[in-house]
Amino acid sequence: MISKPDKNQIRQKRHLRMRKKVKGTTSVPRLNVYRSLSHVYAQIIDDISGVTLVSASTQDKAVIAKLKGKTKTEASEVVGEAIAVKAKEKGINKVVFDRGGYIYTGRVKAVADGARKAGLEF
C-alpha cells in the first residue's frame with residue numbers, strides 16, 4: 001500500500017527551515033501569511049518581543065465588504081492592501097516577507113502584491 005505524504009507537514013518543515021533565516025525585528029517586523037482552503041490570514045509580527053502588531057484576514061468585517069464577487073486570489077490581494085493600510089497607521093513602512101512555507105505563487109503572491117501596491121516595502 002502506498003502511503004500519501006502529508007503536504008501540511010512538509011510545508012511546516014519548509015517553514016521552519018525558512019524561519020531560521022527570516023527574523024522580524026522592532027524596526028523591520030515580519031509579514032507572515034497563512035492560507036487555508038477558503039481564507040487567507042496575514043500578520044505583522046515583532047519576533048524580538050513575540051508580539052503580533054497588525055493582522056488582517058478574509059474574515060475581517062472591513063475586508064468582507066470588499067470581497068463581493070471576487071475570487072480567492074483577488075480576495076488575497078485585498079487582504080494584502082488591508083494589512084498595509086493598518087501597518088502604515090502603526091508607523092510600519094518596511095517588513096520582511098514570510099511566505100509560511102508556501103510556494104510564492106497564487107494567493108501568497110497576491111498578498112505580497114497587494115501590500116506593495118498599498119505602499120508597504122519589502
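**Salt bridges and their surroundings**

Modeller: In this predicted model, a network of salt bridges links R19, R30, D47 and D98.

Biologist: How far apart in sequence are the parts that R30 and D47 tie together?

Modeller: The side chains of R30 and D47 form a salt bridge, with N and O 2.9 Å apart. R30 belongs to strand β1 and D47 to the loop between β2 and β3, so the pair joins parts separated in sequence by 17 residues.

Biologist: Is R30 buried or exposed?

Modeller: The cut-off for a buried residue is under 20% relative accessible area. R30 has 6% relative accessibility and therefore counts as buried.

Biologist: Which helices does the salt bridge between K117 and E81 link?

Modeller: The side chains of K117 and E81 meet at 3.1 Å, N to O. These residues are 36 apart and lie in distant parts of the chain: K117 is in helix α4, and E81 is in helix α3.

Biologist: What separates D113 and R116 along helix α4?

Modeller: D113 and R116 form a salt bridge whose closest N and O atoms are 3.3 Å apart. Because they are 3 residues apart in helix α4, the separation is about one helical turn.

Biologist: Which residues does H15 contact, leaving aside its neighbours within four places in sequence?

Modeller: H15 is located in helix α1. With 18% relative accessibility, H15 counts as buried. Beyond those sequence neighbours, its contacts are N32, D98, G100 and G101.

Note on methods
Residues are numbered from 1 along each chain as its sequence is written. This is a predicted model: local features need pLDDT of at least 70, side-chain atom pairs count only at pLDDT 80 or more; totals for chains, interfaces and linings use all residues. Side-chain values use heavy atoms; hydrogens and water are left out. Helices (H or I, at least four residues) and strands (E, at least two) are DSSP runs, numbered from the N terminus. Buried means under 20% relative accessible area, exposed over 50%, partly exposed in between (1.4 Å probe, protein chains only). Contact means heavy atoms within 4.5 Å. A salt bridge is a side-chain nitrogen of Lys or Arg within 4 Å of a carboxyl oxygen of Asp or Glu.
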